[in-house]
Amino acid sequence: MSMNELAEAEALLEEISSWSEDEVKSLPRFYREAAEQYRELLNQGDTEPR
């Protein structure tokens, strides 16, 4: 993974963490489930947003 790809992934994760529940629920199933899993990790303290 290049530094550019890593920076892009981090930016997307930061964006996801700022979305409202309604925004997450409006996503297609695959993306909604991934966003929900990421949020669960944040809530458990396994991942820290930057």
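**Exercise 1.** Does Phe30 count as buried or exposed, and what is its relative accessibility?

*Solution.* Keep in mind that the model you are looking at is predicted. The cut-off for exposed is over 50% relative accessible area. Phe30 has 61% relative accessibility, so it counts as exposed.

**Exercise 2.** Find the aromatic pairing in this model and describe its geometry.

*Solution.* Start with the count, which comes to one aromatic pair. Its partners are Phe30 and Tyr31, with 5.3 Å centre to centre and 80 degrees between the planes. Planes over 60 degrees apart count as edge-to-face, and that is how this pair is classed. Tyr31 is exposed, because its relative accessible area is 52%.

**Exercise 3.** Check the length of helix α3 against its residue count.

*Solution.* Helix α3 runs over residues 29-44, which is 16 residues. At 1.5 Å a residue it should span 22 Å. The end C-alpha atoms are 22 Å apart, so the two agree. After the helix comes Gly45, with a positive phi near 85 degrees.

**Exercise 4.** Work out which residues of α3 are buried and how they are arranged around the axis.

*Solution.* First, the buried residues of α3 are Ala35, Tyr38, Arg39 and Leu42. They cover an arc of only 100 degrees around the axis, so they sit on the same side of α3. Next, look at the other side, where Arg29, Phe30, Gln37 and Gln44 are exposed. Finally, the cover over the buried residues includes α1 (3-18) and α2 (21-25).

**Exercise 5.** Explain why Arg39 counts as buried, and list some of its contacts.

*Solution.* Arg39 counts as buried because its relative accessibility is 14%. Beyond its neighbours within four places in sequence, Arg39 has contacts including Ile16, Trp19, Glu21 and Val24.

Methods:
Residues numbered from 1 in each chain as written. Predicted model: local features only at pLDDT ≥ 70, side-chain atom pairs only at ≥ 80, totals over all residues. Heavy atoms only, no water. Helix = DSSP H or I, 4+ residues; strand = E, 2+ residues; numbered from the N terminus. Expected span 1.5 Å × (residues − 1). Buried < 20%, exposed > 50% of the residue type's maximum accessible area, 1.4 Å probe, protein only. Arc of directions from axis to C-beta. Contact = heavy atoms within 4.5 Å. Phe/Tyr/Trp six-rings, centres within 6.5 Å; stacked < 30°, edge-to-face > 60°.
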